[in-house]
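Thank you all for coming.

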Amino acid sequence: MSRTAERSDYVRVAQLSDVQAAGCLVVHVRDHTLALFCHGDQICAVDNRCPHMGFPLNRGTVKEGILTCHWHHARFDLASGGTFDQWADDVPVFPVEIRQGEVWVDLAPRADPRAHHRQRLQDGLERNIPLVIGKAAIRLLYEGADPVEPFRLGLDFGTRYRQAGWGQGLTMLTCMMNLLPHLGAEDLPRALYHGLSAVARDCANMAPRFRVHPLPALTTDLARLKACFRRFVEVRDAEGAERCIVSAVCGGANHRQMADLLFAAATDHRYIQIGHVADFTNKALEALDRVGWEYAEPVLASLVSSYTSADRMEESAAWRHPIDLIALLEKAFEQFPRALETGRTRKGSWQNRDALVQVLLGEDPQAVADALLATLREGGSEEELASAVAYAAALRIACFHTSNEFGDWDTALHTFTFANAVHQGLRRVPSRELLRGVFDAAMSVYLDRFLNVPAARLPESDPTDEDTEMLLGELPALLDRQQQVNEAGSIVARYLHGKGKPERLLAVLGRMLLREDRDFHTIQTIDAAFRQYGLLRGTSAAVHLVVAAARYLAAHAPTLREQGQTLQIAHRLHRGERLFEPQL
Ligand code: FES
C-alpha cells in the first residue's frame with residue numbers, strides 16, 4: 001500500500017460537503033472507481049472493488065473503523081486497507097487531502113506491485129488458497145515477471161515446508177515449467193497456477209523440514225561421500241544420507257557430479273518405488289536447471305526420504321516369479337565392463353534401434369537383457385539404449401487397449417516416466433550405475449506386456465491431405481467426452497502425418513491438460529512424452545509419443561474442471577468483470 005512520496009498525483013474528486021451528506025460517495029476518476037467514506041472527521045478513499053471477488057465496497061458496512069464487504073464478509077481496516085482475512089487481500093486505499101472544501105485524492109500507483117503480488121503468492125502458498133495463488137500468478141506475469149520468479153518461490157516453499165520433502169507437488173510444478181515453452185501465452189498463468197497450487201496442497205498441514213548442516217570440515221572427496229550416501233540409503237538412514245548430499249553440494253559438487261551420486265543410489269536396487277525416486281531426482285535437477293545451482297542444497301536434500309523409504313522390487317513377487325528377473329539383471333550387470341569396453345571402439349556405429357525395440361516389446365526377458373548388452377558391444381551409447389527403452393515404454397501406452405482395467409494406465413505410465421527419467425539422467429551424465437536403470441526399465445516394459453494383449457492398433461502412418469486445422473479444432477470437443485482414447489490418438493497422428501505444425505498440436509494438448517483438474521500421472525505423462533518427442537522429432541517414432549500423450553489424456557478427461565473454475569474467477573477479476581452480476 002506504500003507509495004513513493006515524490007510521485008504523488010493528487011486529483012480533485014468531490015466536494016467535502018457531498019461526502020459528508022452521503023456518508024459514502026462513489027466517484028469515477030480516470031480509470032478508478034473510488035468509495036469515499038466519511039469516518040469521524042476523516043475522509044477515506046478506497047478502491048471500490050473488493051479485492052476478494054470484486055463486490056462494490058460502497059455497499060459494505062463500516063463499524064469501529066472496519067469495513068466489511070457484504071458478499072463473503074471480508075473485513076478491512078478502513079484507514080490502511082489492510083485485510084483481516086488473508087483469503088481476501090488488502091484493498092488499495094488512496095491518500096486524501098482536504099483543500100478549501102474539496103476532496104483531493106492521490107492516485108499515484110503502488111510503489112512496487114510485483115513485491116505485493118510475490119507476497120500474496122507466498123500468502124496463498126502458506127494458507128493453501130488456490131484463488132490467491134491464481135490471482136498472484138496472473139498479476140505477476142501481467143506485471144512482466146519472468147515465470148521463473150513464481151517458480152522459484154514455489155520451489156523454495158515446497159522444499160522448506162514439507163517434512164517428507166520432494167513429492168508430487170514439486171514434481172507437478174517442475175513439469176509445468178517444462179511445459180511452458182510449448183504453451184500459448186494465455187496458458188502460462190494457468191500452468192503456474194496448477195503447479196503452485198499442487199505445492200501448496202502438498203504442504204498444507206505438514207511439519208516443516210529442518211536443515212541438516214554439512215560436515216564441519218568441507219570435503220571435496222566426492223567418491224567417499226557417494227559411497228557413504230549409498231550405504232546410508234541401503235540401511236534407510238535418512239539423516240546420514242542427507243548429510244552426505246548437503247556436504248557434497250557445499251563441497252562444490254556440480255550438477256553432473258550430484259546426478260551421478262544420486263542416480264547411483266536410485267538404481268542400487270531394482271525399480272525402486274515404481275520409478276518415482278528416479279523421476280523425482282530428475283525433476284529436482286531440471287528444477288535447478290531453471291532456478292540456478294545456488295538452490296541445490298535444499299532442493300536435493302529434500303529428495304532424501306524418497307530414497308530411504310522406497311520399496312525395492314527385490315521384494316516383489318512379479319520380479320521374482322516365475323522368472324527371477326533380479327538374478328537375470330544381476331548377471332547382466334556383471335557384463336557391463338566388458339560390453340562397454342568392446343563397444344568403445346565402435347561408438348556411433350550402432351543402427352539397429354528398430355530391431356532392439358521389437359525385442360524390448362517381446363516375451364523373453366533374457367532376450368531383452370542380451371539385446372541390450374549386444375547393443376553396448378556394437379557401440380550403442382548408454383543414452384541410445386535409454387532412448388530406445390523409453391520409446392518402447394511409450395508404445396505400451398500408445399497400444400494400451402481400453403479393455404484393460406482403468407487403473408492399469410498407471411502401470412504403463414510408471415514405466416514410461418521412469419524410463420524417461422533414466423534417459424534424461426544419462427543425457428546429463430553417462431554413468432555405469434545408472435545404466436542399470438535402463439535394464440530395470442526394460443524389464444518393467446517386459447512385465448507390462450499384458451497391457452498390450454490385445455494391443456490397440458497404432459494409427460495409420462500414411463501422409464494425409466486432411467485439413468489439419470479442422471483436426472486440431474476437433475480435439476477440445478472430443479475431450480469433452482469420456483474415453484475417446486482411440487479417436488484422440490487417431491486425430492493427433494493424422495494431424496502430424498498431414499504436416500500440421502507440431503508446435504500448434506503440443507500447445508493444444510497442453511491447453512487440454514490444463515483445463516482439467518490436476519492429475520499427477522497425466523501431468524507426468526504429458527511432460528515425459530513432450531520431452532521424448534523433442535528428442536525424436538522428425539522421425540516416425542516421434543508421432544507415437546504424441547499419440548501416447550493424447551491417448552492417456554483422453555482416458556483421463558473430462559474431469560470436473562473445478563480448479564479451472566477458480567482460475568477463471570481470477571481471470572475475470574483481473575479483466576475487471578463484475579462477478580456479482582448475472583452473466584448474459
Ligand atoms: S468478500 Fe468481498 S467479494 Fe468476497
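Predicted model: local features only at pLDDT ≥ 70, side-chain atom pairs only at ≥ 80, totals over all residues.

Let me begin where helix 20 meets helix 21: Thr468, Leu471, Leu472, Glu474, Leu475 and Leu478 on the helix 20 side are in contact with Glu487, Ala488, Ile491, Arg494 and Tyr495 on the helix 21 side, where contact means that the C-beta atoms of two residues, placed from the backbone, lie within 7 Å. Helices here are DSSP runs of H or I with at least four residues, strands are runs of E with at least two, and both are numbered from the N terminus. Sorted by class, this contact has seven nonpolar, one polar and three charged residues; Ala, Val, Leu, Ile, Met, Phe, Trp, Tyr, Cys and Pro count as nonpolar, Asp, Glu, Lys and Arg as charged, and the others, Gly among them, as polar.

Residues are numbered from 1 along each chain as its sequence is written.

Returning to the pair, helix 20 and helix 21 (residues 485-497) pack at an angle of about 160 degrees, and their axes are 9 Å apart; axes are lines fitted to C-alpha atoms, for helices over the stretch in contact, and angles run from 0 to 180 degrees between N-to-C directions. The two helices are therefore roughly antiparallel, given that angles over 145 degrees count as roughly antiparallel, under 35 as roughly parallel, 65 to 115 as roughly perpendicular and the rest as oblique. The crossing of helix 20 and helix 21 is left-handed, that is, the near helix is turned anticlockwise from the far one by less than a right angle, clockwise being right-handed.

How are helix 17 and helix 19 packed against each other? Helix 17 (residues 382-398) and helix 19 (residues 432-447) have axes 9 Å apart and an angle of about 20 degrees between them, which makes helix 17 roughly parallel to helix 19. The crossing of helix 17 and helix 19 is left-handed, and the residues in contact include Leu385, Val389 and Arg396 of helix 17 and Leu435, Val438 and Val445 of helix 19. By class, the contact of helix 17 with helix 19 has ten nonpolar, no polar and two charged residues.

Now the chain as a whole, which has 25 helices and ten strands. Its C-alpha trace spans about 95 × 65 × 40 Å along the principal axes. Of the 584 residues, 48% are buried, meaning that 20 or more other C-beta atoms, placed from the backbone, lie within 10 Å of a residue's own, while 12 or fewer makes a residue exposed and anything in between partly exposed. The mean pLDDT, the predictor's confidence in each residue on a scale from 0 to 100, is 95, and 99% of residues reach 70 or more. Over residues 1-5, however, the pLDDT is below 50, although this stretch has twelve contacts in the model beyond near neighbours in sequence.

Some backbone details deserve a look, bearing in mind that most residues other than glycine have a negative phi, and most peptide bonds are trans. The bond from His321 to Pro322 is cis, with omega near 5 degrees, and Pro322 is in the loop between helix 12 (304-308) and helix 13 (325-334). Val453 and Pro454 are also joined by a cis peptide bond, with omega about -5 degrees, and Pro454 is in the loop between helix 19 and helix 20 (468-478).

Asn205 has a positive phi of about 65 degrees and is exposed, with 6 other C-beta atoms within 10 Å. Gln273, with phi near 50 degrees, is buried, with 20 other C-beta atoms within 10 Å, and is found in the loop between helix 9 (255-266) and helix 10 (276-291).

Last, is Phe530 buried or exposed? Phe530, in helix 23 (residues 520-536), is buried, with 20 other C-beta atoms within 10 Å, and, leaving aside neighbours within four places in sequence, is in contact with Leu179, His182, Leu506 and Ala549.
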